[in-house]
Amino acid sequence: MATEHDECIGSVKGQLAKLFEVSFKVTVPNEPDVEPLVAACNGKFGDYQCNNAMGLWSKIKGKSTQFRGPPAVGEAIKNNLPTSEMIESCSVAGPGFVNIVLSKNWMAKSIQKMLVEGIDKWAPLMPVKTAVVDFSSPNIAKEMHVGHLRSTIIGDTLARMLEFSKVKVLRRNHVGDWGTQFGMLIEFLFEKFQNFEYATETAIGDLQAFYKASKQRFDADPAFKKRAQQAVVCLQGGEDKYRRAWAQIREISRNEFHKVYQRLGVHLEEKGDSFYNPYIPGVVESLTKQGLVEESKGARVIFIEGINKPLIVVKSDGGFNYASTDLAALWYRLNEEKAQWIIYLTDVGQQQHFDMFFKAAKRAGWLPPGDSSYPKASHVGFGLVLGEDGKRFRTRNTEVVRLVDLLDEAKSRSKAALIERGKGEEWTEEEIESTAEAVGYGAVVTVLKFMDFGYRATPLFICCMLMLESVQSSGGLKGTLVLGHKDERDLGLHLLQFAEVVEEACTNLLPNVLCDYLYNLSEIFSKFYSNPECKVIGSDMETSRLLLCEATAVVMRKCFDLLGITPIYKI
Ligand code: ARG
């Protein structure tokens, strides 16, 4: 049965790797499963290079008298390559590097095929079927802040790239909705509202302020503190009134988060700490049976090689913690959801936590040792978002910039700028609003996304999209694409490398790779488009070049889409 996956041809690199595999079987029949080392090289000798000769030589040199050194191995690899319409020529250089020059005809045909069949056919082939992306994950009753925004947008991009690659992605919002702080919040809710069921968002107002006030109360009044501690016990014991109060606070928080996700156009499914809570005892029990859990200073812990402090799975008071929850969640994701790759996005401050519980999971045999095989757990840590005081942005006990306010501010500034430029008279109110949102939210997202990348890229992208829009309207799918000029060929090659770039960004969890690609694509396109020898409109090559422009627009748009950026076509 053919699946959607089978229809993807995979990346150029992947297709070449397959040809090399065939060659290896003939060249070195006694060496099974040699993994082809193929890379784009964009050098003067070729477009791609295969670097297996030296490695193979060191494996076979004692055993075979057939070759006299790596160059000879390279030569044989080249000669045994099956004929393929992909390849125009190949040559061997230095210590056996096999260089491949792609056929211009094949390149043009492939691009034109993509235009007809759609860019989805250029999806890379990933080795997993199901992945969990655990991202955003703010804490209930605490305001979502800029730190969570980075997790949200980087996580969304990774999820989009994996989804494009035909991986089923479970987008999980692992919210902090369980823990001792709820005792304090519940007691405060009871105190403030006799009829707490009616305590809606409007009544509570700012949840962050609510949190702060209850914390102040908690610190100042020992009697309140006692009641709050008792409330935790009641909540965990499942007492109805407490459960309902907890649900109320959760609901208010959830509505607040939802507004932010809506504005950013990000989709997530909530499964928070409380969801995994019922699974913890069983998981701890089975780890104990395996002999992994030991007693240490009244707590129950797992020791991890190379780290001097152990991972606490049951606190000395018998309660569970962040690590126990994460172990239960990982167990659930692997066994119930059958995920083969679980990806977490938080700031680097949590690196050690992830490192430790991943190692515990490896000790338990849930995950294979090392990091090269699946199932796999990965943590993507990004830099801490610091406040103006240079300290880590915090929500508990401190004033922080609220994400909602930040987005509001961004939108109103871009709206003001549009009005200042006279768009108020030219455009409809709707156009102004939607452009202000796209530019405003886009600016926040772009700044965060391209943080390590610099701002230089944005104007270039906009220019390219505008140029492409202007030529595109006169394009069509008829005619034949030819990559005659060097600038045309360069652009075509770069377009064809889209799949392997997405593959690399996914495999190494580096969305930045796609940012770089988009930036280079913009540059290569500009070079082609501004070259008088490659004149588009009114030249003999008009149809072909319009097709090339159209393919560029399709790829660029896909990049924007994967990066979660809404392009603006009107400025
Ligand atoms: N709620 C946590 C925080 O705000 C992030 C949770 C990340 N996900 C996880 N499975 N630990 O810091």
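Visitor: Leaving aside its neighbours within four places in sequence, which residues is leucine 514 in contact with?

Guide: Welcome! Leucine 514 touches Val501, Val502, Ala505, Cys559, Leu562 and Leu563. Contact here requires C-beta atoms, placed from the backbone, within 7 Å of each other, so each of these residues meets that limit with leucine 514. The model is a predicted one, where local features need pLDDT of at least 70, side-chain atom pairs count only at pLDDT 80 or more, and totals for chains, interfaces and linings use all residues. Numbering starts from 1 along each chain as its sequence is written.

Visitor: Which residues of the largest nonpolar core touch the most other members?

Guide: Leu514 is one of them, together with Ala131, Leu162, Val313, Leu327, Ile343 and Val502. The core has 107 residues, with helix 22 (residues 542-563) giving the largest share, 11 residues. At least three residues come from each of domain 1 (12-102) and domain 3 (404-563), with bounds taken from an automatic or database domain assignment.

Visitor: What makes a set of residues a nonpolar core?

Guide: The members are buried Ala, Val, Leu, Ile, Met, Phe, Trp, Tyr and Cys residues, joined through C-beta atoms within 7 Å. A second, separate core has 21 residues, among them Ala141, Ile186, Phe188 and Phe210.

Visitor: Why is strand 5 called mostly covered?

Guide: Four of the five residues in strand 5 (residues 130-134) are buried. Buried means 20 or more other C-beta atoms within 10 Å of the residue's own (exposed is 12 or fewer, partly exposed in between; C-beta atoms are placed from the backbone), so four residues of strand 5 reach that count.

Visitor: How do you know that strand 5 and strand 6 pair?

Guide: Pairing takes at least two bridges found by DSSP. Strand 5 has five bridges to strand 6 (residues 168-173), so the two count as paired, and they run parallel.

Visitor: Why are strand 1 and strand 3 called edge strands?

Guide: Four strands make an open antiparallel sheet in the order 1-2-4-3. Strand 1 (38-40) and strand 3 (87-93) each pair on one side only. Strand 1 joins strand 2 (residues 48-50) over three bridges, with alanine 39 opposite glutamine 49. Strands and helices are DSSP runs, numbered from the N terminus (helices: H or I, at least four residues; strands: E, at least two).

Methods. Contact = placed C-beta atoms within 7 Å.
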